[in-house]
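Here are some notes for a first look at this model. Please keep the structure open while reading.

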Amino acid sequence: MAVHDADDDPFEAQRATVDDSIRRLFREYGLDNTVEYAVGILASLVARLLDLIPPLMLGLAIDSIFLQEQAFSLRFVPDAWLPSTQEGQFALTVGIIAGSFLLGAVFHWLRNWGWNASAQNITHEIRVDSYSQMQRLGMEFFSDKQTGELMSILSNDVNQLERFLNDGLNSASRLIVMVIAIAAILFTLNPQLALVALVPVPLIAAFTYAFITIIRPKYKKMRATVGSLNSRLENNLGGIQVIKSSNTERYEDDRVDDASMEYYDANWDAIWTRIKFFPTLQAISGVGFVLTFLVGGYWIFAGAPGPLTGTLSVGDFVVFITLTQQLIWPMAQFGQIINMYQRADASSARIFGLMDEPGVLAEDADTDLVVEDGRVEYDGVTFGYDEDPIVENIDFTVEPGETAALVGPTGAGKSTVLKLLLRMYDVDSGAIRIDGQDVRNVSLRSLRQSIGYVSQDTFLFYGTVRENIAYGTFTADDEAVVEAAKAAEAHDFISDLPNGYDTMVGERGVKLSGGQRQRVSIARAILKDPEILVLDEATSDVDTETEMLIQRSLDDLTENRTTFAIAHRLSTIKDAEGIVVLEDGRIVERGEHDELLENGGLYAHLWGVQAGEIDELPEEFIERAAKRQARTEAGDD
Ligand code: ADP
């Protein structure tokens, strides 16, 4: 489990409002599993009671068959039904013991089914629900730190719940049944000796309580260290290229060694406490055993000791000794049950914290977007990821079928402007309208259906090339997929892959180059055939030759389609009907290529540098860029 500062943890505030999370868990998810729970509880009860029959029968056999000191009689069974011969009684005893083991097996099976099935059902539902809630969260929840937090909720916390719902409830039911049933049996057989035999019980309870209090902070420390160890490992795996190229393997060895050592120490501290706990527990129960043996044994051969009165049979004595032993281990688990409960409580609070998170994009509208011409209008749009505005007063219109190119230095806000169109984020003020419809007033589904997005870093899902192209247009037939791939100049390289369109790509599949991935993503957009197209550095990752090929296919694609394009290589957008030049989140110039060249502003200079006409940007631009850089870096601290 990862360690989280309040800063890293976007659900902190929400979580604080979740109370009684375990109760809520059962209310919202448990009720669908009433049958499983009923079976679990009843079967636990019966199975545990059946477990107690063999020792009781042993006691009876000693007194009534072997020593013949008492009449052979069974509670709840009329004496007339019982066999009168020694052989008959012995056979019945063996039969009952065998029967209780057999029947016991059946009920233990049922008990396990009940607890396991309900635990699996509930954790499955929770996993699916919290995943689907996670998908609805706004993009601000998906920065690196926070995806760690989300991942930890979806896996660790759900597993923690599973452990409690399964093992925790199972042990708890055993503990309750055993303590009540055994205490009842002992008190019925001989209340005085029962008091002696049960002396260790409160001792064990108190001792276990102390154990939990001592070990809890140690577990917490352990989780924190395992969290930082995992972060370090994850980080180093991701950065392995940098590590190798900067020759810092030794340094990283040491850092991992340190992190692992911290975990070792914390873990050992907890282990050491546990190592001491269990033998001590055994010692306490040993004291109980010795005490019972001492008092009971003396009672048998010398009569009631001290203040005690009455008689004690050998059979009852044996029952006492065996049953008190049976009580010790369920008692010893008491601490673990509490521990599991507390962890599950914390975990379900985290899960419900996520589920209650209102940070999903503002209410999704019911009306669908209807794109008729495809006119897109930015009307005084201002937006910032946090308090500071990143783009300000963005005001421009793209006429139907035209291409608007966004140009400007890195960090100027080009991607941000386009993310607002897709409603990855909502504008802080102003509005973005498509054919007069504010993007906030139409359903996200219809909005994203109408916009094709090709971004600079294309993510491929683990699956075949075909699936990746058809992703989002699942109904497309094979022919259409191939057509789209051809149009994106991707068909040739795909045909050369080991299994053509059925080659597995993505995380665990064949690695495609950046340019190949981009062409797959362009094919995806071509197949989707959206009314509006967003190309975010769509051809940044390919060599000049491929770029020309792609450019040709893009020209087809963007023809008569409202298009937004971000490109660093200005040659790719010089034919755009409108070029919007951004600097520092503001529009500084607008117009067509030729006009902008005449203006002699930022665009003309950028063009000059790229075309090799001038060597570098004039001093004033460089100064501004340096200032901007300094500001960004200061902001990062
Ligand atoms: P461009 O596409 O022009 O390079 P971006 O729109 O990507 O610019 O970024 C504009 C500014 O917004 C940058 O300063 C960047 O650091 C900041 N920014 C981008 N994405 C985020 C985000 N998810 N959270 C916070 N700041 C961001």
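1. Two strands pair if DSSP finds at least two bridges between them. Helices (H or I, at least four residues) and strands (E, at least two) are DSSP runs, numbered from the N terminus. By that rule strand 1 (residues 376-383) and strand 2 (residues 391-398) are joined by five bridges and run antiparallel. Valine 381 has isoleucine 394 of strand 2 as its bridge partner.

2. A word on the source. This is a predicted model: local features need pLDDT of at least 70, side-chain atom pairs count only at pLDDT 80 or more, and totals for chains, interfaces and linings use all residues. Residues are numbered from 1 along each chain as its sequence is written, and side-chain values use heavy atoms, with hydrogens and water left out.

3. Strand 1 also pairs with strand 4 (residues 429-434). Five bridges hold this antiparallel pairing. Strand 1 is mostly covered, with six of its eight residues buried. Buried means under 20% relative accessible area, exposed over 50%, partly exposed in between (1.4 Å probe, protein chains only).

4. The whole structure holds 20 aromatic pairs. Rings of Phe, Tyr and Trp (its six-membered ring) pair if their centres lie within 6.5 Å; planes under 30 degrees apart count as stacked, over 60 as edge-to-face and the rest as tilted. Why is the pair of phenylalanine 164 and tyrosine 341 edge-to-face? Their planes stand at 70°, with ring centres 5.8 Å apart. The pair links distant parts of the chain: phenylalanine 164 lies in helix 5 (residues 144-189), tyrosine 341 in helix 11 (residues 334-355), 177 residues apart. Phenylalanine 164 is buried at 5% relative accessible area. Tyrosine 341 is partly exposed at 38%.

5. Phenylalanine 383 and tyrosine 385 form another edge-to-face pair, with centres 5.1 Å apart and planes at 80°. Phenylalanine 383 is buried, at 4%. Tyrosine 385 is partly exposed, at 37%. Elsewhere, Phe207, Phe211, Phe277 and Phe278 make up one aromatic cluster.

6. Now the helices. Helix 17 (residues 514-528) packs with helix 18 (residues 544-558) at about 10°, axes 11 Å apart. Axes are lines fitted to C-alpha atoms, for helices over the stretch in contact, and angles run from 0 to 180 degrees between N-to-C directions. Helix 17 and helix 18 are therefore roughly parallel (angles under 35 degrees). Helix 17 contributes Arg519, Ile522 and Ile526 to the contact (heavy atoms within 4.5 Å). Helix 18 contributes Thr546, Ile550, Leu554 and Leu557.

Methods. Parallel < 35°, antiparallel > 145°, perpendicular 65-115°, else oblique.
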